[in-house]
Amino acid sequence: HADDGYRLWLKYDLIKDAARRDGYARSAQFIAVNASSPILQTAASELQTGLQGLLGKSIPVNPNAGSRTGGIILSVSPAPNADVQTLNNEGYRIVSRQNNIIVTGKTAAAVLYGTFALLRQLQTLQPITNLTLTSSPKVQYRLLNHWDNVNGTIERGYAGSSLWKWYELPERLDPRYRDYARANASIGINGTVVNNVNASPRFMTGEYLKKVAALANVFRPYGIKVYLSVYFPAPRTVGGLKTADPLDPQVRKWWADKVKEIYSVIPDFGGFLVKANSEGEPGPQDYGRSHADGANMLAEALAPYDGVVMWRAFVYKADPKGDRFKAAYEEFKPYDGQFNKKVLVQVKNGPIDFQVREPFHPMFGAMPQTPLMMEFQLTQEYLGFATHMVYEAPLFKETLESDTYAKGKGSTVAKVVDGSLHGYPITGMAGVANTGSDRNWTGHTMGQANWYAFGRLAWDHSLTSEAIADEWVKMTLTRDPQAVKTITGLMLRSREIYANYTNPLGVHHIMGYGIHYGPEPWLDKAPRPDWRHTYYHRADSVGIGFDRTATGSNALSLYTPEVQKQWGTMEACPLPYLLWFHHVPWTKRLSTGRTLWDEFTTRYYTGADSVRWMQQQWAQVKPAVDPEIFNDVAGRLAVQQKEAIWWRDACVLYFQQFARRPIPAPFKKPE
Ligand code: GCU
């Protein structure tokens, strides 16, 4: 039947090979679960649904196995028990024992994650006999951040409107809320911030809290907690106070009362996400107070409960002489050690804003006493919206594997974020969601892979981009081995191709103003200097790029000496980062043997050509992929192809005015 992508990676279509199906069925004759909690009930019913689809059989669920064998037992084993000793609270263990498969963990949520892991084995056609699969999540707070507004629009959302129908809540519950929770639980996501960081104060009203509570009720059986973004001056705008000064006793009382009210309707409320004193959003600095003052006030209000504060570090003041790259570091570093123990500071992967490639944010490794949470962006704000195919796992991995050298070699960003480097007591990773009301959730079907990859990496950052792509393709698109290979190959190259035809060699922030789509490197007028694109590329008759060494902004000095060395000279700096740190002469000869100008333009041309290659690759998988999905992706690739040429021609022609050099010979022919 036609597949519109709605089922994501939870497809559970019948396994065609009867021998394999029978083999699985012999190990899955029954499900035994003492479904004492709603989450365990979810695990049992998800397993039953999955097996029904994959095996074409209705598998009975019993309260216990008794003396029966050949089934699957879901059970919570409180420690100390040899099976679960080495696991954390959400970690699972799947073992084959006495001819049964036992899925266990210390909590019901752990068993739920183990259940999805077992289903994944079947979906990807792996063996389920003699199993020992053990896995614990490496970070605790694995969250989606929705930039969804009360009016149903989504900031930087490209897949339709918001999933949340505020005007129908709490009375009507869209069935989609549950499907959303299923998808997230299956990849280990355990929390969701449902409203935009540019927050409406309405979410702090009783009217809206009831709506949010209704969502929380749907998500709870999937182990997912709800969080809210906070409008910092809410005590004034909805509370009627004269001030929102975080040190004012009345303001503090207002927040304490508000938190109490929230927990009375959402007993497992997750906490607050805050964008303050950033891009015009109000914050504690409006009252002469610091980020720490603001965050700590909210943390104190949350003190009697489980909730946490995630305070965002995305700040940059309009400073014509400054370098935006340094802003967050300079504002936050002095407060290391001064945050309440319930505060996480949430830092974007790079210092500017979700560009196709950024050096890791210099705060990572520099805040040993403040739990730093990673913020990745799944929605493709700067990566071609829902028309360009960009598989983001390689981008996430590149940041996570970057070495900060904060405590010598091997001090990767991943180790900062998972708490192992500095011993953070709480850890987290957030992904700005790419979901919306489109039938296939993410607009571009391939965008589903970014949601999937984020969840998998938040659980275990040591997974490879390739392994994640392989799983996702098999679960979502096809199990045909040749097609799997072709599609994963395409995915793995997609981000580099996009970088080549839009932002080669580390040039950045040259996209369409405001909309962040298409090329606009010529932008030299904007309300703020750091919103002008000439500020970032700095092209002139000599060369191009932002000198961030000691002769320039010296942003490099924010990194450890080892990192400075790695990026500090034009000769040493890896080409993908070159124009992030250096103003390079057009005539400079690079390690490829080409001059900078020739390399730069060659990348634009080969990048655009590669989109044709992507189209050819995709054409080959036609017989193996559902026609509806095949056509959807093929259509989007055709747009991408056209727009890759738009990017290439716009950028090459614009920069040629400065370089005054010819387009390299192989590319001179007109299209
Ligand atoms: C980007 C994005 C904004 C968003 C901001 C943020 O600047 O364009 O729409 O609000 O990031 O992360 O707060």
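A residue counts as near a molecule if its C-beta atom, placed from the backbone, lies within 6 Å of it. Keep in mind that this is a predicted model, where local features need pLDDT of at least 70 and side-chain atom pairs count only at pLDDT 80 or more, while totals for chains, interfaces and linings use all residues. Residues are numbered from 1 along each chain as its sequence is written.

**Exercise 1.** List the residues around the ligand and sort them by class.

*Solution.* Start with the list: Glu-155, Arg-156, Val-197, Asn-198, Lys-275, Glu-279, Phe-314, Asp-353 and Glu-381. Then sort: the shell has 2 nonpolar, 1 polar and 6 charged residues. Here Asp, Glu, Lys and Arg count as charged, Ala, Val, Leu, Ile, Met, Phe, Trp, Tyr, Cys and Pro as nonpolar, and the others, Gly among them, as polar.

**Exercise 2.** Work out which strands form the closed barrel and how S10 pairs with S11.

*Solution.* Go around the barrel: its 8 strands run S7-S8-S9-S10-S11-S12-S13-S14, with parallel pairing. Strands (E, at least two residues) are DSSP runs, numbered from the N terminus, and two of them pair if DSSP finds at least two bridges between them. Now zoom in: S10 (residues 271-274) and S11 (residues 308-312) share 4 bridges in the parallel sense. At one of them, Gly-271 has Val-308 of S11 as its partner.

**Exercise 3.** Find the domains and say how far apart the C-alpha centres of domain 1 and domain 2 lie.

*Solution.* An automatic or database domain assignment sets the bounds: domain 1 is 18-134, domain 2 is 141-476 and domain 3 is 500-667. The C-alpha centres of domain 1 and domain 2 are 32 Å apart.
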